[in-house]
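Please read them with the structure open.

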Amino acid sequence: MEILLVILIGLLYAAGIYMILRRSLVKLIIGLILLGNGANMLIFLLGKIVKGKPPIIEATGKALEGLYADPIPQALILTAIVISFGLQAFAIILIKRAYKVIKTDDLDEMNATDEDL
Amino acid sequence: MSSPFVVLPIIFQLFLAILLMFCWTQINVQKLISVVGSLIAVIISVVLFVTVWNQGIYTTQAGNWVAPFGITFVADTFSSLMVLLTALAGLAVAVFSVGSVRNVRIKFGYFPIYHFLLMGLSGAFLAGDIFNLYVWFEIIIISSFVLITIGGEKAQLEGAVKYVTMNLLASVIFLTAIAILYGLTGSLNMADLSIKVAEIENRGLVNVTSILFLVGFGIKSAVFPLYFWLPASYHTPPPAISAIFGGLLTKVGVYAMIRVFTLIFIPDEFMITLISGMAAITILSGGIGALIQNNLRKIFSYLIICHIGFMVAGLGIYTEVAIIGSVFYLIHDIIVKTCLFMVSGLIFKIKGTYSLRLLGGFYKEYPKLSLLMAIPLFSLVGIPPLSGFWAKLFLLEGGLSVGNYWLVGFILLGSFLTLIIIAKVWAGVFWKDAIELPVKKQVKYFHELKPLKKQAMIGSIVFLSVLSLGIGFGAEFVIQVATRVAESLMNPKEYIEAVLGQTN
């Protein structure tokens, strides 16, 4: 299981970085989304995957017993997903707006900010 | 000591932002709330700073979970100092916004978002949990995305595309670093991490993680190979927004860098060489970049990069004296850079251009304003006794004491480049004969504004200039503050005990 996840995460990061390096705005956003998902999977993997029980203390007990899943990575991923959802939504609207105003989706042609006044 | 008072600066900004959203259409009410609220925020942060200064570190645990498990907020001298500086710069920019931001932008929610940004900044400074720090960073960047695009001009959107991309990338790298750190230690509390990271035997992996943090914070704070987004975006939004960005946003990156590399990852020989090398080239490339620009705001953007180099250099030297220099420079730079971007905004309002080629004759037409603007410009160079001088003195002393002569050389070169650039700006804007400029229709000129708006713009510049003079002439007190900060950074024992309790 771990080795599969490792390969998947590697692929997500590689694909993400490749897409960011492309000149098209849409591919740029896709790259960022892939990278974000890769990071979330990485948190999941590094939180140690165990075939254990859910981290719930039974009514009779006072502490977690035996092998149980670490709840923190899941909380972290949930937070990270929500944050990246908001940011990506913003980024997609931004590129749509930028495309309308600048009339190109080629990053190499976006150099008005480097012009001398 | 534990007290929920620690989170008050954050809560108060949140309260202000929500209150402002209820007055969405009443522009004048929004302006009033923002200015009065910022004033109260200054009072709150002064109280916090004085309390922490007199009584030591204050902490609070969210939801009353015991330290390494819950989310901790910590106000030590460094954090409360940064919160105080945020509130001061925030007040100045709020007043400046009243005068300079057009009503069209305010109608799209400029002020609420501005206070969300200030909330994020205060939160990042007070966070005692590395994942919480990430969340505050995200709040900062989403607010700054809105601020940089508000108004939707062509240049703004282009700058925003670059700004958004690099910041999202930095967040992903930061998150990756947190994931690896959690896998290594099983903890997210910064005080707890400080103990646990020191015990890890696999130093190679620790170094890799620390480099990921360095890259993540490096993009945010615009150090050498990672700064190209900054000069492409900081000159595009309205001057008030540039001012808060230039003054505070990159400094959060520097703050996080100093915090992480003094508390969690104590740099070894390799990291020290890497950080000081980065600092040296940052100083050089920022300085040379500024030298060839003609747009006033672009010059200041490159100067931000150059001076970020100074602060990182203090971390690269890694002695107490050098950290004092870094912290002092941080205090000075937040005030002065905010002021400089406001100055550039005022010049634009009066003349209608940022170009050094077209500007001129400012001293002849506005002698009093020119003298006022001379204060931030010359304290940036560090002419004694203005504020920049003392910080550089400590940086040089620290560098010489460990025999890091080449870095000292770069710091001197950076100061020299700044001097040339400021001389060029002074000659171009203030001394050169005025050129007849065509009147632009889309620009609302300074003389057309109402007197209240004029006073707001000039008043905020006066406020920050007086603060800058205060830092220069009251250097003895500021040195005491910086010394206390540097001492506690170099000996994190007190911080760890305050968070985890005496028993651990």
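This is a predicted model: local features need pLDDT of at least 70, side-chain atom pairs count only at pLDDT 80 or more; totals for chains, interfaces and linings use all residues.

1. A residue is taken as buried if 20 or more other C-beta atoms lie within 10 Å of its own. By that cut-off, 25 of the 32 residues of α7(B) are buried, so this helix is largely enclosed by the rest of the structure.

2. Confidence in chain A: the mean pLDDT is 87, and 96% of the residues of chain A reach 70 or more. Among the helices of chain A, confidence is lowest in α3 (residues 71-102), at a mean of 90, and highest in α1 (residues 2-20), at 93.

3. The C-alpha trace of chain B spans about 70 × 55 × 40 Å along its principal axes. Of its 504 residues, 61% count as buried. Taking contacts in chain B between residues at least 6 apart in sequence, 81% join residues at least 24 apart.

4. Overall form of chain A: there are three helices and zero strands, in the order α-α-α from the N terminus. The radius of gyration of chain A is 20 Å, whereas a compact globule of 117 residues would have one near 13 Å. The C-alpha trace of chain A spans about 70 × 30 × 20 Å along its principal axes, and 27% of the 117 residues count as buried. Of the contacts in chain A with a separation of 6 or more, 55% are between residues 24 or more positions apart.

5. Which elements of chain B give two or more residues to the side that touches chain A? The contact as a whole takes 33 residues from chain B and 30 residues from chain A. On the chain B side, the elements in question are α6 (130-149), α7 (154-185) and α10 (229-233). The most comes from α7(B), with 18 residues. By class, this side of chain B has 18 nonpolar, twelve polar and three charged residues.

6. Geometry of α7(B): this helix, already described as largely enclosed, has 32 residues and reaches 46 Å from its first C-alpha to its last, close to the 46 Å expected at 1.5 Å a residue. Just after α7(B), Gly186(B) takes a positive phi of about 75 degrees.

7. Just after α6(B), Gly151(B) takes a positive phi of about 105 degrees.

8. Nonpolar core: the largest one has 222 residues, and Ile178(B), Val312(B) and Phe328(B) have the most contacts inside it. Helix α14 (residues 320-351) of chain B gives the most to this core, with 20 residues. Leaving out residues up to four places away in sequence, Ile178(B) touches Ile130(B), Phe131(B) and Tyr134(B).

Key:
Residues are numbered from 1 along each chain as its sequence is written. Chains are lettered from A and ligands numbered from 1 in the order in which they are written. Two residues are in contact if their C-beta atoms, placed from the backbone, lie within 7 Å. Helices (H or I, at least four residues) and strands (E, at least two) are DSSP runs, numbered from the N terminus. Ala, Val, Leu, Ile, Met, Phe, Trp, Tyr, Cys and Pro count as nonpolar, Asp, Glu, Lys and Arg as charged, and the others, Gly among them, as polar. A nonpolar core is a set of buried Ala, Val, Leu, Ile, Met, Phe, Trp, Tyr and Cys residues joined through C-beta atoms within 7 Å. A residue is buried if 20 or more other C-beta atoms lie within 10 Å of its own, exposed if 12 or fewer, and partly exposed in between; C-beta atoms are placed from the backbone. The expected span of a helix is 1.5 Å times one less than its number of residues. pLDDT is the predictor's confidence in each residue, from 0 to 100. The radius of gyration is taken over C-alpha atoms; the globule rule is 2.2 Å times the number of residues to the power 0.38.
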